[in-house]
Amino acid sequence: MNYEKFIDKIKEFEKFKARAYICPAGVVTIGFGRTENVKLGDITTEASEDKWLRLRLARDEKEIRSYLKEHGYKAVKEYQIEALTSFTYNCGLGNFYKLTDNGNRTLKQIGDKINAYNKGGGKVLGGLVKRRAWETDLFFGRLEENEIKDPTAKDLQSLLNQVTGSDLEIDGKIGKKTIKVAYDYIKKGVNNDG
């Protein structure tokens, strides 16, 4: 999925609000669903909330990747990370840990449980039902945009950067550094599995 499209989808679900308000769960909220460091009476701008949203999504994604690796989840797809990042942004890390049953659920079980988190203030909310359905479809790869039809060198480098923590230069061709990182990563995976 295109990251900007992913951000736009989160914004669509969250709906920007410049003035702080109390959400259905009884939490003071502002911007694109921000609940950190906000109090009633606060006013914000769309530009500052866009910046905050991106930082928060990056922070959540990093924690999710680390947690999944630490708990032995293998072959996690990028769209599954995106679904879990959307979920975590909306529900918080505590609920992400509950969703995985502290690392005891399989990926399929995690995906099957996403829809259960559809309440705010104890009531099922239509917006959350819709969001959880989208996250579930994203998690299971049922959205057309999940798959890269013809991967390019840039796609490979981006994927390697995400899974290895490297900072490869994306120049449109596969260079020696990219090949070495890919080789080392794949070899490490083969050695760890067999």
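A salt bridge here is a side-chain nitrogen of Lys or Arg within 4 Å of a carboxyl oxygen of Asp or Glu. I start with that cut-off because Arg65 and Glu61 pass it: their side chains meet at 2.8 Å, N to O. The model I am reading is predicted.

**Entry 1: the Arg65 pair**

I looked up where the two partners sit. Arg65 and Glu61 are 4 residues apart in helix α2, so about one helical turn separates them. An α-helix has 3.6 residues a turn, so residues three or four places apart point the same way. I then checked burial. Arg65 is buried, and Glu61 is buried too. I also noted a network: salt bridges with shared partners join Glu4, Lys11, Asp50 and Arg54.

**Entry 2: the whole chain**

I stepped back to the overall layout. The protein chain has 8 helices and 4 strands. From the N terminus, I read the order as α-β-β-α-α-α-α-β-β-α-α-α. Of the 194 residues, 37% are buried. I found 16 salt bridges listed for the structure.

**Entry 3: helix α2**

I went back to α2 and its extent. The helix covers residues 46–70, which is 25 residues. From first C-alpha to last it reaches 36 Å, close to the 36 Å expected at 1.5 Å a residue. Which α2 residues are buried? I noted Glu49, Asp50, Trp52, Leu53, Arg56 and Leu57, among others. Further along, the buried ones include Asp60, Glu61, Ile64, Arg65, Tyr67 and Leu68. After the helix comes Gly72, with a positive phi near 80 degrees.

**Entry 4**

I looked at Arg56 next. Its side chain meets that of Asp60 in a salt bridge, 2.9 Å from N to O. Both residues lie in α2, 4 residues apart, about one turn of the helix. Arg56 and Asp60 are both buried.

Then I followed Glu49. It forms a salt bridge with Arg34, with the closest N and O atoms 2.9 Å apart. This pair links distant parts of the chain: Arg34 is in the loop between β2 (28–31) and α2, Glu49 is in α2, and 15 residues separate them. Is Arg34 buried or exposed? Buried means under 20% relative accessible area, so Arg34, at 12%, counts as buried. Glu49 is at 3% relative accessibility, so it counts as buried as well.

**Entry 5: the β1–β2 hairpin**

I turned to the strands. β1 and β2 run antiparallel, joined by 3 bridges. Tyr21 stands opposite Thr29 in β2. The two strands form a hairpin with 5 residues between them. In that turn, Gly26 has a positive phi of about 85 degrees.

**Entry 6: the second largest pocket**

How much space lies in the second largest pocket? I noted about 790 Å³. Its lining has 31 residues. Nearest the centre are Glu14, Cys23, Pro24, Asn90 and Leu128.

I checked which elements supply the lining. α1 (3–14), β1 (17–22), α2, α3 (78–91), β3 (119–120) and α6 (126–139) each give at least two residues. The largest share, 5 residues, comes from α6. By type, the lining divides into 12 nonpolar, 9 polar and 10 charged residues.

**Last note**

Note on methods. Residues numbered from 1 in each chain as written. Predicted model: local features only at pLDDT ≥ 70, side-chain atom pairs only at ≥ 80, totals over all residues. Heavy atoms only, no water. Expected span 1.5 Å × (residues − 1). Buried < 20%, exposed > 50% of the residue type's maximum accessible area, 1.4 Å probe, protein only. 1 Å grid on protein atoms, 1.4 Å probe; cavity = no way out; pocket = protein on both sides within 12 Å on 5 of 7 lines; lining within 4 Å. Points joined across faces, edges and corners; volume = space filled by probe spheres on them. Nonpolar A, V, L, I, M, F, W, Y, C, P; charged D, E, K, R; others polar. Pairing = 2+ DSSP bridges.
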